[in-house]
Amino acid sequence: MQQFFKLARSVSSPAILVTSIWCAIVIGVAIGPIDYPQQPSAIVLAVITLGVLLFVSGHQAGIWCFSVWLRHRSNFPASSAGVLHIAVASASLVGVAGIALIAVDRVALSGVINGGYSELLRCAPDLVDSIEIKRTPLIYVGYLTFSFAYAALALFLLKGEEFHGWVAYVAQLSIVSPVGYALLYSGRMPILFMIMLIVSTGLVRIRQGRSILPRGHYLLAKMVVFLLLFGIYTNAMWSSRRNFCIQMSGVIQELQLKDRQKKSEQMRDYQQHLAEAGKSRSALIDAADLSSMIERAKPSRDAIPPTRSAAASGLLSRMEELWYARPRAYVLQAVESGRLSSDAAIDILSTYFYLTHGVRIIDTVWHARQQLSPHWGAYEIGVLSPILRVFAPNSQWLTTMTMQLKSTQIYGFFPTVWAAAFIDFGAIGSIIYILIWGFAAGWSDFRARTSELATPPLLLTFILASIFLSPIQGPLGIANSALVLCSMVALGMAVDLATVLSRSRRLEPGISSA
């Protein structure tokens, strides 16, 4: 057991973890069940190596700078249980209230069948600007607050020994926010991100010389149940989405045809200088009409659903045509011999592609680099897109970005942290971006081990989770993780500020009497 904790403490170093994760991804792409032709290429290996070296350099610089700066400075006291209780309970309730506001807006006030609308955009994300849905102030308030639930749960797991009674239950209630967000938007990434944050809190605790999970609260049993439910949900959602996309293929083709016709008309209007402000960004179809189309396209109860074998055949053809990949020979042999069922094969290949195809996208981005201009966060930070659509409807920022991504065959795929950094900030900007990511990792790693502050371990938890998911997206692009980062930093700073002020008030009588 001591050897395990020693190994885990080493792996929990951000520099070692990022190196390990990317070595595992490269090996997985080279020998895994999906054959990405000519991948990983020499360019991909060079980009990954450079990215890892930049992160490690930033990490070491962060440790060195703060170790020198803080060498002769006094440490802060540990936060009191009272401060932690108020902070975690407040953040948890605010986060749960935030996701409730989003749910009310999407389910009751938007005018669409939420599940159908979300699934439709998963099948055809390019239609997002063509569907007019009602948005109320509730959704904006919800987006500003729902991410505090992530921060509350992370701080509870980091300081779990301090929590008892109703506060502990309120803190664990925070799990409602990521689960609700995933269900509302028919996704998995919010839950996967939360799982990675939970794993990362365990690594931070090991880094601090403590147990993986706080004692009490039955957290290990709850984690096992949560992971099992997530696996069931993932498989069910894969099947549901495949069937839905097949059922809605006619609706999607009709909407895409109308969208192309409308854009052609808008281009003619623009060229003739007849387009009026706001006219060019009007939606193609409103929420009520979309809901009716989805309901009409759904099969009757007597219809025979597509079989898994048919779905597997469809996946294989899709892999060849759209994913530019195919199963490796040993997978096909296992299916043909009966050692691996087609059901299991389709689940394995789908999940594996989901986690590893970003390596091929690095190669795509490199070869298309001359066609891409910086987008300054709009690509990664998901919350910026709806803000721009609503408050800057005539802006061409998102349109330009979408056109570039589609023309280079990047649209709809995960880019990894390295490609996402380039798409958002260009060559020089991406280097600075990765160095800042590494520098923040070094500072938080150093301070989490040498102080009682709340902010460094929270920030380190976020960074470790972003490293785990870096083969998919950048640290600001994982299920609105930019909002989660802001919430975690805000909660940590609030706790630390309250602790400092409390200490100052306790010292004041002694100072005045002296």
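## A buried tyrosine and its partner

Let's start with Tyr181, which is buried, with a relative accessible area of 8% (buried means under 20% relative accessible area, exposed over 50% and partly exposed in between, using a 1.4 Å probe and protein chains only). Before going further, a word on where this comes from: this is a predicted model, where local features need pLDDT of at least 70 and side-chain atom pairs count only at pLDDT 80 or more, while totals for chains, interfaces and linings use all residues. Residues are numbered from 1 along each chain as its sequence is written, and side-chain values use heavy atoms, with hydrogens and water left out.

Which ring does Tyr181 pair with in an edge-to-face way? The partner is Tyr143, at 6.3 Å centre to centre and with 90 degrees between the planes. Rings of Phe, Tyr and Trp (for Trp, its six-membered ring) pair if their centres lie within 6.5 Å, and planes under 30 degrees apart count as stacked, over 60 as edge-to-face and the rest as tilted. Tyr143 is buried as well, with a relative accessible area of 15%. The pair links distant parts of the chain, with Tyr143 in helix H6 (residues 137-145) and Tyr181 in helix H9, 38 residues apart. Ring pairs also tie Tyr143 and Tyr181 into a cluster with Phe146, Tyr150, Tyr185, Phe193 and Phe462. By the pairing rule, the count comes to 18 aromatic pairs.

## Around helix H9

Just after H9, Ser186 takes a positive phi of about 50 degrees.

Arg188 comes up in the loop between H9 and H10. Is Arg188 buried or exposed? At 7% relative accessibility, Arg188 counts as buried. Leaving aside neighbours within four places in sequence, Arg188 is in contact with Phe230, Tyr233, Thr234, Met237, Trp238, Arg241 and Tyr354 (contact means heavy atoms within 4.5 Å).

## The overall picture

Stepping back, the protein has 22 helices and four strands; helices (H or I, at least four residues) and strands (E, at least two) are DSSP runs, numbered from the N terminus. Of its 514 residues, 49% count as buried. Among contacts with a separation of 6 or more, 83% come from residues 24 or more positions apart.

Helix H7 (residues 148-158) packs with helix H10 (residues 189-207) at an angle of about 25 degrees, their axes 9 Å apart. Axes here are lines fitted to C-alpha atoms, for helices over the stretch in contact, and angles run from 0 to 180 degrees between N-to-C directions. H7 and H10 are therefore roughly parallel to each other (angles under 35 degrees count as roughly parallel, over 145 as roughly antiparallel, 65 to 115 as roughly perpendicular and the rest as oblique). On the H7 side, the contact uses Tyr150, Leu153, Ala154, Leu157 and Leu158, and the H10 residues taking part include Phe193, Met194 and Leu197.

Now find helix H17 (residues 358-367) and helix H20 (residues 416-450), which pack at an angle of about 30 degrees with their axes 8 Å apart. Gly358, Val359, Ile362 and Val365 of H17 meet Thr416, Trp418, Ala419, Phe422 and Ile423 of H20.

## Loops to look at

Thr416 has another neighbour to check: Gln473 is 57 residues away in sequence, yet the two are 4.4 Å apart in space, C-alpha to C-alpha. Gln473 is found in the loop between helix H21 (455-468) and helix H22 (481-513), and is buried, with a relative accessible area of 9%. Not counting residues up to four places away in sequence, Gln473 touches Glu380, Phe414, Pro415, Thr416, Val417, Ala420 and Ile478.

Tyr218, in the loop between H10 and helix H11 (219-247), has a phi near 55 degrees, a positive value in a residue other than glycine, and counts as exposed at 70% relative accessibility. Trp376, in the loop between H17 and helix H18 (384-391), has a positive phi near 50 degrees and counts as exposed at 54% relative accessibility. Last stop: a cis peptide bond, with omega about 0 degrees, joins Gln39 and Pro40, and Pro40 sits in the loop between strand E1 (34-35) and helix H3 (42-69).
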